There are 2 protein chains.
Amino acid sequence: MNIGEVAAETGVTAKSIRYYESINLIPAPERTDAGYRQYSDRDVQILHFIKRARGLGFSVAEVAELLSLYQDRDRASAEVKGIVEARLNEIDQKITELESIRATLRTLADRCHGDDRPDCPILDDFAGLSN
Amino acid sequence: MNIGEVAAETGVTAKSIRYYESINLIPAPERTDAGYRQYSDRDVQILHFIKRARGLGFSVAEVAELLSLYQDRDRASAEVKGIVEARLNEIDQKITELESIRATLRTLADRCHGDDRPDCPILDDFAGLSN
DNA sequence: ATAAGGGTTCTAGTTACCGGAAGGTCAAGG
DNA sequence: CCTTGACCTTCCGGTAACTAGAACCCTTAT
């Protein structure tokens with residue numbers, strides 16, 4: 001398969017596939033005489049794996065780790081679970097942070113009448129003029 | 001005030017202050033004969049503003065917009081509120097996305113026994129071998 | 001033979017800075 | 001007077017994960 005077909009099938013752009021190759025996340029595939037990359041079904045499967053993991057918010061470095069565990073028949077599932085639990089903690093933290101910001105902004109926005117008059121509690125708060 | 005004092009007082013690093021100047025988020029301050037930047041109380045206040053807005057997740061571009069509204073005595077509060085509401089929508093979206101990811105990962109992690117055995121529903125899912 | 005639609009490599013840009021190097025300046029102390 | 005240490009200056013390179021675009025080659029169909 002050419003890179004374009006693989007891109008269409010996996011939803012990973014050709015640009016990204018080449019990028020993943022350049023950083024050694026995926027191995028360099030065979031080439032045709034003209035220099036076109038040729039991908040196997042196995043390569044496609046790995047790109048599906050990457051797409052799924054990236055979609056769940058894992059960094060490329062984490063995906064590399066997960067991939068190497070995936071390719072190691074003898075890995076301990078505890079290692080995989082550890083990575084996922086770490087990610088879950090990050091997510092919880094991020095959600096908490098965003099909720100706090102949301103509450104603040106919600107309060108400020110609700111107190112701003114939002115018409116054509118200039119006075120604005122939001123800017124007052126940012127400027128340290130609150131209360 | 002020297003840049004270091006300003007940094008200490010505002011919590012914005014000297015590096016960041018110079019960076020903000022380089023992208024014209026803040027004006028270039030006076031210099032001493034030796035070339036040291038000298039900041040006024042007004043400059044400090046603006047950096048506080050920036051710090052607060054950045055802390056609430058606004059991009060530097062958004063902060064620039066907010067700052068210019070702040071400095072415009074005749075702005076309509078609706079404009080400020082619009083920016084904040086847009087940010088609130090982004091936050092809501094992001095939270096929703098993170099919660100969805102969290103649910104997925106939680107389920108997968110719970111189904112993985114996480115011991116020294118190799119079989120792992122998490123990797124199976126990533127590889128498209130689910131069910 | 002040519003045109004459309006692949007593919008190739010390379011460079012540069014994105015965001016919001018941080019780290020570090022090389023060197024000038026300032027205030028205090030011996 | 002000189003040194004020491006803590007400042008300050010500019011500039012270069014790096015970060016994450018790509019994307020955009022240029023310049024060029026290959027394949028396939030008409």
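Biologist: Which residues form the negative surface patch?

Modeller: In this predicted model, A:Glu65, A:Asp72, A:Asp74 and A:Glu79 form a negative surface patch. Patches take residues with over 30% relative accessible area and no salt bridge, joining like charges within 9 Å and nonpolar side chains (Val, Leu, Ile, Met, Phe, Trp, Tyr) within 5 Å. Asp and Glu count as negative, Lys and Arg as positive, and His and the chain ends are not counted. A charge is placed at NZ of Lys, CZ of Arg, CG of Asp or CD of Glu. Areas come from the Shrake-Rupley method with a 1.4 Å probe, and for residues only the protein chains shown count as cover.

Biologist: Where does A:Asp72 lie?

Modeller: A:Asp72 sits in the loop between helix H4 (60-70) and H5 of chain A. Helices (H or I, at least four residues) and strands (E, at least two) are DSSP runs numbered from the N terminus. A:Asp72 is partly exposed, its relative accessible area being 34%. Buried means under 20%, exposed over 50%, and partly exposed in between (1.4 Å probe, protein chains only).

Biologist: How many salt bridges does a search of the whole structure find?

Modeller: A salt bridge is a side-chain nitrogen of Lys or Arg within 4 Å of a carboxyl oxygen of Asp or Glu. Over all chains, the search finds 18 salt bridges. One of them pairs A:Arg52 with B:Asp125, with 2.7 Å between the closest N and O atoms. This pair crosses between chains, from helix H3 (residues 41-55) of chain A to helix H6 (residues 121-126) of chain B.

Biologist: Is B:Asp125 buried or exposed?

Modeller: B:Asp125 counts as buried at 13% relative accessibility, while A:Arg52 is partly exposed at 33%.

Biologist: Why does the pair of A:Arg106 and B:Glu85 join two chains?

Modeller: The side chains of A:Arg106 and B:Glu85 meet in a salt bridge at 2.9 Å, N to O. The pair joins two chains because A:Arg106 lies in helix H5 (residues 77-111) of chain A and B:Glu85 in helix H5 (residues 77-111) of chain B. A:Arg106 is partly exposed at 30%, and B:Glu85 is partly exposed at 25%.

Biologist: What does B:Glu21 form with B:Arg37?

Modeller: B:Glu21 and B:Arg37 form a salt bridge, their closest N and O atoms being 2.7 Å apart. B:Glu21 is in helix H2 (residues 14-22) and B:Arg37 in strand E2 (residues 37-38) of chain B, so the pair ties together parts 16 residues apart in sequence. Both residues, B:Glu21 and B:Arg37, are buried. In chain A, a network of salt bridges links A:Glu21, A:Arg31 and A:Arg37.

Biologist: How should I read the numbering and the limits?

Modeller: Residues are numbered from 1 along each chain as its sequence is written, and chains are lettered from A and ligands numbered from 1 in the order in which they are written. Local features need pLDDT of at least 70, side-chain atom pairs count only at pLDDT 80 or more, and totals for chains, interfaces and linings use all residues, while side-chain values use heavy atoms, leaving out hydrogens and water.
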